[in-house]
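Let's take a walk through a protein chain together, starting with its overall plan and then stopping at a few of its residues. Keep the picture at hand as you read.

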Amino acid sequence: MSLLTLLPFIVLIGAMFLMTRSAKKKQQQAIDMRNQMQPGSGVRTIGGMYATVKEVSEDTVLLDAGPGVDLLFAKNSIGAVLTDEEYNHIVHGIEHDLKSDADVVPDDASSLTETDDSAAASDDAPVDFGKKDTADTADTADAADVPADTEPADAGTDAADKAKTDEQAKKSDGGSEAK
């Protein structure tokens with residue numbers, strides 16, 4: 001047999017050797033990581049649960065997942081042992097990154113575009129989301145047509161009608177009288 005016909009087999013065997021070697025290396029790193037677990041360490045299981053190590057035995061780990069919640073896991077089910085900063089950042093949202101003294105970018109752009117005066121003015125103005133009745137719009141349209149110096153003849157009945165309409169609107173809007 002010639003060397004040319006054996007070359008594909010040699011390359012295939014070499015690739016298999018390299019793959020098994022790297023897999024064994026990763027497996028050994030995982031074993032070392034699991035052996036370095038100590039009580040108080042933050043861990044992530046292979047299922048994605050974050051917890052604190054309470055006890056470590058030969059094959060199992062007792063995890064504290066919350067107040068009064070202790071779970072027993074096999075050591076092989078621990079996916080990663082986290083640093084204290086990483087665990088606190090993920091689980092509690094606490095950040096210890098005090099390295100940058102730069103300005104913090106706000107979550108929304110409203111503080112960038114709004115001045116203090118316009119913010120105070122916009123908060124004081126009432127917002128009416130209610131639906132206007134057709135009688136109210138007709139009353140305002142009639143009042144706009146009447147000159148300011150004249151007074152309608154039946155002003156008392158208009159006020160009574162308006163109060164009655166307002167009371168009906170409250171009932172239909174789910175006021176306490178409607179219940």
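Predicted model: local features only at pLDDT ≥ 70, side-chain atom pairs only at ≥ 80, totals over all residues.

Helices and strands are here taken as DSSP runs, a helix having at least four residues and a strand at least two, and they are numbered from the N terminus. In total, the protein chain has six helices and five strands.

How much of the chain is buried? Of the 179 residues in the protein chain, 12% are buried. The accessible surface comes to about 14,800 Å², and carbon and sulfur atoms hold 56% of that surface. Among contacts with a separation of 6 or more in the protein chain, 39% are between residues 24 or more positions apart.

Now let's look inside. In soluble globular proteins, nonpolar side chains tend to be buried together. In this model, the largest nonpolar core is made of seven residues, namely Met37, Val43, Ala51, Val53, Val61, Leu63 and Ile78. Two elements, β2 (50–56) and β3 (60–66), each give two or more residues to this core. Setting aside neighbours within four places in sequence, Val53 is in contact with Met37, Gln38, Pro39, Gly40, Ser41, Val43, Val61, Leu62 and Leu63.

One name in that list, Ser41, deserves a visit of its own. Ser41 sits in the loop between α1 (3–35) and β1 (42–45). Is Ser41 buried or exposed? Its relative accessibility is 14%, and buried means under 20%, so Ser41 counts as buried. The side chain of Ser41 reaches the backbone oxygen of Gln38 at 3.0 Å. If you leave out residues up to four places away in sequence, Ser41 touches Ala51, Thr52, Val53 and Val81.

Our last stop is a charged pair. How many salt bridges are there? The count comes to one salt bridge. Lys54 forms a salt bridge with Asp70, and their closest N and O atoms are 2.8 Å apart. This pair links distant parts of the chain, with Lys54 in strand β2 and Asp70 in strand β4 (residues 69–74), 16 residues apart. Lys54 has a relative accessibility of 41%, so it counts as partly exposed. Asp70 is partly exposed too, because its relative accessible area is 38%.

Technical notes: Residues numbered from 1 in each chain as written. Heavy atoms only, no water. Buried < 20%, exposed > 50% of the residue type's maximum accessible area, 1.4 Å probe, protein only. Polar contact = N/O pair within 3.5 Å; in protein donor to acceptor, adjacent residues only side chain to side chain. Contact = heavy atoms within 4.5 Å. Core = buried A, V, L, I, M, F, W, Y, C linked by side-chain atoms within 4.5 Å. Salt bridge = Lys/Arg side-chain N within 4 Å of Asp/Glu carboxyl O. Areas by Shrake-Rupley, 256 points an atom, 1.4 Å probe, with all protein chains shown as cover.
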